[in-house]
Amino acid sequence: MVITEEGKVMPRNKYPKPLIFHDGRLAFLPTPSATLLMFMWLPLGFLMAIYRIFLGVFLCCKFTLALGIWSGLILNFNDKNQQRSESNKGVLYVCSHRTLMDPIFLSIMLGRRLTAVTYSLSKVSELIAPIRTMRLTRDRKQDGETMKRLLCEGDLVVFPEGTTCREPYLLRFSSLFAELADEIVPVAMNAHVTMFYGTTASGLKVLDPIFFFMNPWPRYDIQVLGKVPRELTCAGGRSSHEVANYIQRQLADALGFECTNLTRRDKYMMLAGNEGVVQEKKGRRFC
């Protein structure tokens with residue numbers, strides 16, 4: 001958010017330039033009263049976060065949804081994809097990326113076992129993830145082979161932006177996914193928070209789920225769009241870049257977001273002063 005000289009939140013249409021990247025955990029204007037309420041909420045919020053994480057990790061999906069909603073979690077789900085798979089391969093779900101919980105919520109709402117690929121994930125998050133996760137290497141050929149193999153084993157979730165973005169923008173999509181599958185289903189995902197952001201560029205990513213679930217009423221909106229027509233995929237003669245740009249535009253229109261040419265590298269150079277990967281000996285990795 002942008003604050004005026006009078007200490008008020010400036011409307012987005014009044015910003016001097018678009019605000020796309022920012023870091024920090026607080027999602028509200030820290031006035032004295034709001035800050036006091038935050039500190040009063042922290043003990044209960046922490047317990048609520050542990051409870052919600054426990055639900056996702058240890059309980060069956062059919063119980064998770066009801067108990068999660070009882071705790072204040074808000075989920076809006078709309079599935080417009082009524083077409084069944086026409087091949088023996090899995091379906092490739094191409095999603096906008098808001099938090100680390102994106103593939104988990106999608107798996108729960110679809111009621112299907114999904115595999116998510118990621119460039120980097122904390123060891124703790126990888127250990128407790130209730131769905132299968134697979135690390136990519138940033139080697140295009142190797143990553144392509146890995147994703148093809150995973151598609152032969154089942155449904156796969158990819159995030160072509162390569163990182164999360166908090167504001168109503170979509171970063172430039174990598175075109176690799178378009179070369180791997182002919183059955184592509186775009187998924188427009190958006191997360192809403194009121195107290196804490198569940199993402200970070202320079203902080204500890206292992207805390208991302210905790211901060212997200214510490215919000216009193218965290219909300220997820222999930223729209224599963226119709227399968228991309230075959231004539232608009234690489235199998236129909238389109239280039240991978242055309243397919244990636246088409247899906248980026250489709251997701252942006254569904255979410256009411258704007259498309260950008262900014263990349264994951266741009267985000268981390270601006271917020272963390274690196275390209276998103278820190279040497280293992282330093283003990284930290286970013287994604």
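Modeller: Before we look at this predicted model, one cut-off is needed: a residue is called buried when its relative accessible area is under 20%, and exposed when that area is over 50%.

Biologist: Why does T118 count as buried?

Modeller: T118 has a relative accessibility of 18%, and the limit is under 20%, so the label buried applies to T118 as well. T118 is part of strand β3 (residues 115–118), and, residues up to four places away in sequence not being counted, T118 is in contact with M134, R135 and L136.

Biologist: What makes M40 exposed?

Modeller: Exposed requires over 50%, and M40 has a relative accessible area of 58%, so M40 is exposed. M40 sits in helix α1.

Biologist: Why is strand β8 said to be largely enclosed by the rest of the structure?

Modeller: Strand β8 (residues 219–224) has six residues, and five of them are buried, so the rest of the structure largely encloses the strand.

Biologist: How do you know that β8 runs parallel to β1 and is joined to it, and by how many bridges?

Modeller: Two strands pair when at least two bridges are found between them, and β1 (residues 74–79) is joined to β8 by six, in a parallel arrangement. Within that pairing, D79 has V224 of β8 as its bridge partner. Strand β7 (residues 184–192) also has six bridges to β8, but these two run antiparallel, and here V187 stands opposite V224.

Biologist: What makes the largest nonpolar core, and which residues have the most contacts inside it?

Modeller: A nonpolar core is a set of buried residues of the nonpolar kinds, joined through side-chain atoms within 4.5 Å. The largest such set has 39 residues, and those with the most contacts inside it are Y93, F105, L106, Y220 and I222. At least two residues of this core come from each of α1 (32–58), β2 (92–95), α3 (102–110), β7, α6 (208–213) and β8, while α3 gives the most, with six. F105, its neighbours within four places in sequence left aside, is in contact with L73, L75, F212, F213, Y220 and I222. A second, separate core of 28 residues includes V117, L176, A188 and L255. In soluble globular proteins, nonpolar side chains tend to be buried together.

Biologist: How many of the residues of the chain count as buried, in percent?

Modeller: Of the 287 residues of the chain, 51% count as buried, and the chain holds eight helices and nine strands. Among contacts with a separation of 6 or more, 73% are between residues 24 or more positions apart. The accessible surface of the chain is about 14900 Å², with 57% of it belonging to carbon and sulfur atoms.

Technical notes: Residues numbered from 1 in each chain as written. Predicted model: local features only at pLDDT ≥ 70, side-chain atom pairs only at ≥ 80, totals over all residues. Heavy atoms only, no water. Buried < 20%, exposed > 50% of the residue type's maximum accessible area, 1.4 Å probe, protein only. Helix = DSSP H or I, 4+ residues; strand = E, 2+ residues; numbered from the N terminus. Contact = heavy atoms within 4.5 Å. Areas by Shrake-Rupley, 256 points an atom, 1.4 Å probe, with all protein chains shown as cover.
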